[in-house]
Structures are given as structure tokens and as C-alpha cells.
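Here is a short report for a reader who is new to this structure.

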Amino acid sequence: MSAAGLAIRSRFLARPSEAAHRIAGQPLLLASCPVVIPAHRVSPFSTSAPSYCANHKPSGATQTNSTASSTTDKYAAGLRKNKDWAAQTAREHPELFPTLATGQQPQILWLGCSDSRCAETSMLGLLPGDVFVHRNIANILHPGDLSSGAVIEYAVKHLRVKHIVVCGHTSCGGVAAAMGNKQLGILDPWLLPLRQVRERNLAVLQKLSPVEAAEKLAELNVRESLNVVTQKDVVLSAIQERGLQVHGLIYEVGSGVLRELDTSDSDEAIKARLVAFKTDA
Amino acid sequence: MSRQIQQSIECIFKNNQKWVSSKKEEDPAFFEKLAAGQTPDYLYIGCSDSRVPANEIMGLEAGEVFVHRNIANLVPNIDLNVMSVVNYAVRHLGVKHIIVCGHYNCGGVKAALTPDDMGLLNPWLRNIRDVYRLHENELDKITDDNQRYNRLVELNVIESCRNVIKTAAVQQCYRDHQYPIVHGFVFDLRDGLLRDLHIDFENMLEDVMKIYHLSSHSAHSETSGGA
């Protein structure tokens, strides 16, 4: 595709006020809808209230944000950077893209948080083709969730990854929300497993400072997600038959450093797990 | 534990240290700024495929893009997982753009065109067969298998965009702030380049809202709950 084809359309660069003016003739969208909602309530998730609020000005006040000018718009920059990245990666690894086009053989399945600061392939210093990835709110694994279930099934059974990594992180908004008690609509059922972990560890968490408690809950959440991973027969079989490993990590967003948790189980726990969860064809 | 498997995980921690050092060289305050919070402009919904890493293909740094990845970049209407991501990104982070990114040679899309029983994967992949059924006339006219399959990859992205636009969060936020804008991309593994499918967001929104209109009253948004 030509450079022109990749160039951003001008309307994406329009200031919100201009966009509003342009579509004011569409009552379906705007005119019949009184603007009354403060759309963004950050406090339940806030791990750092002041900086979170940068994006949350009402529409009339957003002219300084990054959608306002073509020189700072990160969307346009992103598409430009993609060309640079593709060219540079092809220079440094001439065989990479032709090889990738034929298939993937990642060694790692990464189950992490959607948080923008937790960019797995970058922080691992790895290349395209190395890490199969599922990221969701607060790296929570619901036992019956088809989305993460399909990812784990495909990665373990079909791609035969050698490692499964569950990675939580400090300053997690989902953890902060589960440490609070504000109603959040559809996010409430999603965050339920985090609250279950909070309930089971209430005494420990209450003895800690808010920051320490959030870090503790993030760590307990990683352990809980690892529990769910190793309750799946496909994972248990791969551990037994071909030495698949599971790991729990915490990513420190303030330093960029990954820390591995000791997630080794006692022989007794492993035995109980196999009795309860191992199934046969 | 085999030596080879052990080495590959140890290598990760070395790589991580190298990455930390290189980021600090570029900007000594890089991580301090990230520790203060995230203010990403983008939500990226893409495929779990290892060959399509979100930050790398868009040239974005840590902190710039909120990411959800699943098999074949689907946005099923009743998937609590992706709906929670959209809700959080739109209502709580105030992202300006939502990018749904598919890729040619997608194993999930290919599997959905194969008459095999994939066990647990069946219900997930069935969403792609639904996309085929919605566009059966167009797809059936394409005689070349590869071209038909690549077109399904594109149509699957477009349908995921449509499902994003069906949410109350997107409709209400756009009504009030004129963002987020929803985009459809396809990544080409052969050359590493992103292609914009140039979805006409405003028309698609208007079209979707004929049936899926969820923003005329504000009651539910008071608890910022709807997705």
C-alpha cells in the first residue's frame, strides 16, 4: 500500500469541537442527547489519581490533547513508525518476515494485563514470533472463560509452547478497583475472582498499607490465575508428558523489571491436583 | 527440567535487564513516568498470534497502547472478557482510538474454514463462520482459495469493529466527546506492514445505531456500567 494509503484521514485529526460541529446535523448521534454524563470516573481504579486524569477533560477542553495536531498525533506517528520498524527489522533479521509468513513456533504463552505499560514482547526483549499473547483486565482467568480457554488450548495443544507465564504488575487498576467497593457495572462480574482472593486473604491484606496490600493482592492474583491454568487437563498433560513449565511473574512498572514468584507446589498439592483435575480421553 | 527449557526462561530475565537499560539510556525518567499512571490514546484488539506484537508493529512505547489479544481478534457480543476491556478503556481511560487488527495467514480464520472438530475451540471459532455467513455472497464469488481466505480476514476485522461500536460505552462516549474513533487494520506477515481498511466510522456508527442504539438515556452510564 502506498504512503498515501497509510496516511491518516484528516477527520481523525479534527479537534473534538470541529467534529461536533460537522455532525451536528445528525440528531441520532448528538442533538437529541443532552450531554450530562461525566463519562470517566477514574477513582475506583486509580493507582495514582492525578496523572490518570490527564485524558479526562470534557470535550471542549481537549484541544491540547494528542488528537489535536498532526505533528503530535500518535496514531499517524504509529503508522509511520510501523514502516520504519518493518524496514529496520527486515534489515536486522532478513529471514524473519519470510519465515514468519510460513507459520509460528512460539515457546512462550503470555497471560498478562491489558495495561498499556505491560508491553510483553518489548519488556522481554523478544521478537515477533516468540510470544503467544492473551491480555485482559488484571490478568484474571475465569475457569469457564472461552476466550482465555481457547488461547490456552490452542497454545498448549496445537502450538506446543514450552512455557506458560502469568504476569501481574504493580499499580494495577483492576487490583485497585477490587480493593475498593465502588459499583462498576460490567466490570464487576469480571473482577469477581479478584474479590474472592481478597476475601480469602482479608486478614493479611488488612494488616498492610494500601500500597503494600495492592501489591500483595496482585501477587495473590497471579497465583490464583496459575491455579486456574493448572486445573486444565490440557496443561496437566503437557506438564507430565513433555515438561511444560508454568511461571508466575510480577512486573514492576516503576522500574521495568520482572520478578519471578516462587510458585512451586508441594508433592502433596501436585498429587491432589492430578487426582481432582486430570481427565482421560 | 531440561537444560534447554531452563535456559530459554533465564534468557528472558537477561533480555528484560537489557531492555530496562536501553530505555533508561533514552530517557532516564522513562519508568518513573510510567509509575505515575497510564494515559494511553489507543485500545488495540488483536490476535494472540506471536507474530503480531502490538507495540512493535505500531512503533509504540510501553504506556501508549492498552492491549487485548485473543484468538482471531474476535469481539463476541457476550464475551465478558473483551467487553470488560472495551468498557475500561473507553469509560475509565478515555482512549481516543480503538484499533481492531487482524492479520493475513491467521490460523484461527483458517481453522474456521476447515471441516474439523476442534473441540473446545469450536464455539470460539464459530464466530468466524458467522462472519462468513453474513458475507456469503461476496465470499463465494472469490474463486481463489487464498484470496477468499484473506478477504474473510478483512471482513472478520470489520465485523469486530461493528461489535465494538454496538457497545453503550462507545456510543455514549462518542456522543459526549467525539471519541473514540474505531479503526480496522490488517497486518501482513510477509512484509511487516500494517494496512488500514479505511472503515467509515461515522457511517458505521449510524448504521449500527439503527438497531443497537444504547445512548439516548443516561441512566446506566451514571454507574459507568454498560458495555
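## A covered strand in chain A

Strand E2 (residues 131-136) of chain A is mostly covered, with six of its six residues buried. A residue is buried if 20 or more other C-beta atoms lie within 10 Å of its own, exposed if 12 or fewer, and partly exposed in between; C-beta atoms are placed from the backbone. Strands (E, at least two residues) and helices (H or I, at least four) are DSSP runs, numbered from the N terminus.

This is a predicted model: local features need pLDDT of at least 70, side-chain atom pairs count only at pLDDT 80 or more, and totals for chains, interfaces and linings use all residues. Residues are numbered from 1 along each chain as its sequence is written, while chains are lettered from A and ligands numbered from 1 in the order in which they are written.

In a regular strand the side chains alternate between the two faces of the sheet. From E2(A), Val131(A), Val133(A) and Arg135(A) point one way. Phe132(A), His134(A) and Asn136(A) point the other way. All are buried.

E2(A) has a partner. Strand E1 (residues 108-113) of chain A pairs with E2(A) in the parallel sense, over six bridges. Two strands pair if DSSP finds at least two bridges between them. Gly112(A) has Arg135(A) as its bridge partner in E2(A).

## The annotated site

Which residues does the UniProt annotation "binding site" cover? The unreviewed entry lists Cys113(A), Asp115(A), His169(A) and Cys172(A). UniProt positions follow the numbering used here, feature names are shortened, and annotations may be inferred rather than shown by experiment. The four spread over 60 residues of sequence, yet they cluster in space: the largest C-alpha distance is 9.0 Å.

Cys113(A) sits in strand E1 of chain A. Cys172(A) lies in the loop between strand E3 (163-169) and helix H8 (173-179) of chain A. Two residues are in contact if their C-beta atoms, placed from the backbone, lie within 7 Å. Leaving aside neighbours within four places in sequence, the contacts of Cys113(A) include Arg135(A), His169(A) and Cys172(A).

| Residue | Other C-beta atoms within 10 Å |
|---|---|
| Cys113(A) | 27 C-beta atoms |
| Cys172(A) | 29 C-beta atoms |

## Domains of chain A

Chain A is divided into domain 1 (1-18 + 66-103) and domain 2 (104-277). Domain bounds come from an automatic or database domain assignment. Four residues of domain 1 of chain A are in contact with five residues of domain 2 of chain A.

## Chain B

Chain B has ten helices and five strands. Its C-alpha trace spans about 50 × 45 × 30 Å along its principal axes. Of its 227 residues, 54% count as buried. Chain B is divided into domain 1 (1-36) and domain 2 (38-223). The C-alpha centres of these two domains of chain B lie 30 Å apart.

UniProt (unreviewed entry) places a "coiled-coil region" at residues 125-152 of chain B. That span is 86% helix and 0% strand, and its end C-alpha atoms lie 13 Å apart.

Ala169(B) is in helix H9 (residues 168-177) of chain B. Leaving aside neighbours within four places in sequence, the contacts of Ala169(B) include Val86(B), Val90(B) and Ala227(B).
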